[in-house]
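Dear colleague,

Please find below the structure that I am handing over to you.

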Amino acid sequence: GAASQDAQELVGFVREKLGENKRALVEYELYLKLYPSGDGAERVKARIGSLAVESTTVSSTSTRERKPVTTSWGGISQYYYGGNSKIRDEFTIVTPATGATEIDIQNLSTTDQSSIVTDINYNVRHRTANWDSRFTFRDTYRESFLDTQPNRNRLSTAYVDLKNEKLHFGTRLGRQVAASGGVLGRFDGAILNYGFGSAKIRYGFEGGQLVEEGLGGSKRFAGLTIDADNIIKNVGMEFFLIQQNASGDTDRRAVGGEFRYFDDKRSVFSLFD
């Protein structure tokens, strides 16, 4: 779009102001690849030169403190849903004695939907030199005005996410939807992962209880994961082992893995379970 060029420059500028110089360089280099000439290109080249000067005086392993930053965002939205149905029946009645016909028409109308749906979404994030903490909350409530339809509430997510870049440690606690690890659906529980000195290979544990019980009653699970990110350029992999019980009986026992590939022009994702 018309704003894409300026936006790409601003992404790098924001990264730089947050102290994320490596990410800023990636965005600036992408800018020059997309827009190699013009006033914007000259500005970006100057910013790259400035970052290069800083890198000669500050080591990449510097313990320079990043200023604490707290941000929050969210919103509330409401929708009204209403629906009316109308049924029209026509019956042809024939009088045997005279052969006369008469059409009997019956109309039936009813309100089959009337409710207000409220969506709430709130996020707060706090970052320091090494810690990145986030709280996410999403909920949907339906207030029904019909006796035949009950009120319903769906708590989608309510979790705390903690990460430490220096220790290569991360955890997420609360209601969440697992993006990997062989977990099927929303659950209440925890995901833990640790890098053991390397951010590229992380060993993890996951455990909790699925929100939707389904057949067999309440479903609880525990699993182990190994995640390798960018071991080969643009390639990521994960392996998992998971055991799930339903009311004391084995409901699911699985091993599996993921393969991920991303570059500027293509992406590949595969899952084996």
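The paragraphs that follow describe the salt bridges.

This is a predicted model, in which local features need pLDDT of at least 70 and side-chain atom pairs count only at pLDDT 80 or more, whereas totals for chains, interfaces and linings use all residues. Residues are numbered from 1 along each chain as its sequence is written, and side-chain values use heavy atoms, with hydrogens and water left out.

Side chains of opposite charge can pair when their charged atoms come close. The structure contains 17 salt bridges (a salt bridge being a side-chain nitrogen of Lys or Arg within 4 Å of a carboxyl oxygen of Asp or Glu).

One of them joins the side chains of E9 and R43, at 2.9 Å from N to O. E9 belongs to helix α1 (residues 4-17) and R43 to helix α3 (residues 39-57), so this pair ties together parts that are 34 residues apart in sequence. Helices here are DSSP runs (H or I, at least four residues), numbered from the N terminus. E9 is buried, at 15% relative accessibility, while R43 is partly exposed, at 43%. Buried means under 20% relative accessible area, exposed over 50%, and partly exposed in between (1.4 Å probe, protein chains only).

A further salt bridge is formed by the side chains of R47 and E16, at 2.1 Å from N to O. R47 lies in helix α3 and E16 in helix α1, so the pair ties together parts that are 31 residues apart in sequence. R47 is partly exposed, at 28% relative accessibility, and E16 is buried, at 10%.

The side chains of D132 and R125 also meet in a salt bridge, at 2.6 Å from N to O; D132 is buried, at 12% relative accessibility. Finally, a network of salt bridges links R15, E20, R23 and R127.

Yours sincerely

Terms used: Helix = DSSP H or I, 4+ residues; strand = E, 2+ residues; numbered from the N terminus.
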